[in-house]
Amino acid sequence: MQKSKRQRLGHRARTILYTLVVSLSYVGAGAMVGWSGSGLHHGTTDRKLTEQLTNGTISLIAIPAAVLTVTACLVHRWYYWIGTKSFLLAAGLLGVCSALLEALATTFWCASASRILAGIAAGITLTLVPGYVDDFGSGSGGGGGLRVLQGELLAAAFPLGVLVRFLVALLPGSMIGHNTSAILCGTLSGLFFLTGLLLPESARYLCATGQVERATEALQRTYPTGTPAARQSMEGLIARWQLPAAFGLRPPGLLEAVVRQGNLMLLVPLLALFAFQASVGAVPLLFYLHDVLPQLGISTEPGPNGGPSAGTVAVLLAAVFAFAGPLASWLARHRHRAGSYPHRTLLLSSTLLMALTMLVLGWHCHVRGTHSAQPNNFVAGRHGSIVALALFYACNAVGFQRVPWALLDAEVQPDLRFPLRTLATVISWAMVYLTVRLFPILLRTIGIGWLFWNAALVALFAVAVLILTLPRGDYEGHRKLGNDLSSSSSASSATSPYCPRPCAHCCVCSRTLAPLGPSAPPPATLAVQTPPPPTDAECGAS
């Protein structure tokens, strides 16, 4: 009877279902950003941006990014005490509480509490969900296609939350739109909490805490076990996840993971990409999008000549941000299957196009300011700025929004992905906070045109870093970056030669694990009967 129930929903379908469930938390994180740019808390007239944004409003806009940064560090520190599922359920409850406070907020402090809770929930989500999806997707038998689909679902869910907020902002009546937005976000968070009760605990976390039987049961939900080879691969994967605890290693901290990874000449530029991810301005601009569009000549109300309003343009840009990445991935699906997706080339070309669009937008603002005596209805210029912004967000969706994470996963050791991903999240959202706080100050001092030009310079500097520090795909003597490792990392992770002991002389110990074979001991007992750590002689140190 139990076997027939399992056959009703295969491991591939169950993996996609679990990914859809946790994607709801990403929608909530995007809704946190969408609140800041939805226009519900700003004026609806064409006043200047510096007049609309008071210190209190700027604090409400920026505080979730700061809270998210701190939360990511705390989640990493307390993860092995609490676990993935408990953290995610707490994020769902915090999202519901944040929505209730938002709907009932009548004072600045109540709104601040709502934003803080939203930042904590988003920090938990962005820190744990990527690794959690990797855990129950590690046994997918569909090659790289299913792993790519999981990544695209997560990447599209964040801007989808922004799109939901912007769509609700188009509803007539500020209070109706405000309450509807809060109720909708609370419903999504509540749905995530209820469906999250059915999610399994992370098998990697269970192995790290010695709960091997529960880890096996959790992994069997998404791992194909129909053949002896598949069952052996799953057992080897569980045995591998037990190795750090077997060697008596405590989980590495954020900076300790950087030291263990080694190869700082490559790792530091990779982490710098996440600072550029925020500094080029795509995500920070979402916080002020409804305020910036009038500065480009786009009115907050539909024009008499049929021109789109700022709210409509914001919805268009959020839709481009949400669906451009999945569309590009679908068009290049044959490259994914072949394991030759051009991540580095795509990031270079998209960043160059982003810099070009920022230069064009800066010139457009300069022309509007120079010819301010003329009528303020530059139809051709206004449409051109919309096209430039759409191209900017499309390039960011296919480039900086996805590629740095793929490059980081391809480079780092599997057992160090969690702390290094957390460190990348901290770097990215700390830069988002700084950019969001500096945006009004720079706007008052240098103007919006020069602000766009400075963003273009940052993008060009990112291109220089990419060219000078990251190796090409055909670079001899170094592992090829940008490969879609999802098709091979899962199958090989159970038997790949890797020792989690951090040697003082090398990044990865040269002592290898014997591949699992018919004569090998049961993998479940491998963690208990592991030999002592290798000596310097065994490690090959001179």
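Let me begin with Leu74, which is partly exposed, with a relative accessible area of 35%. Please keep in mind throughout that what we are looking at is a predicted model.

Where does Leu74 sit? Leu74 is found in helix H4, and on the surface it belongs to a nonpolar patch that it forms together with Val70, Trp78, Tyr80, Trp81 and Ile82, these residues having about 600 Å² of accessible area together.

Now let me turn to the neighbour of this helix. Two packed helices are described by the angle between their axes and the distance between the axes. In our case helix H4, residues 55-82, packs with helix H5, residues 84-104, at an angle of about 115 degrees, and their axes are 8 Å apart. From H4, the residues Val75, Trp78, Tyr79 and Ile82 meet Thr84, Ser86 and Phe87 of H5, and when we sort this contact by class, we find 5 nonpolar residues, 2 polar ones and no charged ones.

Is Leu296 buried or exposed? Leu296 has a relative accessible area of 1%, and because buried means under 20%, Leu296 counts as buried.

Which residues does Leu296 touch, if we do not count those up to four places away in sequence? They are Leu361, His364, Cys365, Arg368, Ser385, Leu389 and Phe452. For Cys365, which is 69 residues apart from Leu296 along the chain, the C-alpha atoms of the two are separated by 6.4 Å.

How values were computed: Residues are numbered from 1 along each chain as its sequence is written. This is a predicted model: local features need pLDDT of at least 70, side-chain atom pairs count only at pLDDT 80 or more; totals for chains, interfaces and linings use all residues. Side-chain values use heavy atoms; hydrogens and water are left out. Axes are lines fitted to C-alpha atoms, for helices over the stretch in contact, and angles run from 0 to 180 degrees between N-to-C directions. Helices (H or I, at least four residues) and strands (E, at least two) are DSSP runs, numbered from the N terminus. Contact means heavy atoms within 4.5 Å. Ala, Val, Leu, Ile, Met, Phe, Trp, Tyr, Cys and Pro count as nonpolar, Asp, Glu, Lys and Arg as charged, and the others, Gly among them, as polar. Patches are made of residues with over 30% relative accessible area and no salt bridge: like charges are joined within 9 Å, nonpolar side chains (Val, Leu, Ile, Met, Phe, Trp, Tyr) within 5 Å. Accessible areas come from the Shrake-Rupley method with a 1.4 Å probe; for residues, only the protein chains shown count as cover. A salt bridge is a side-chain nitrogen of Lys or Arg within 4 Å of a carboxyl oxygen of Asp or Glu. Buried means under 20% relative accessible area, exposed over 50%, partly exposed in between (1.4 Å probe, protein chains only).
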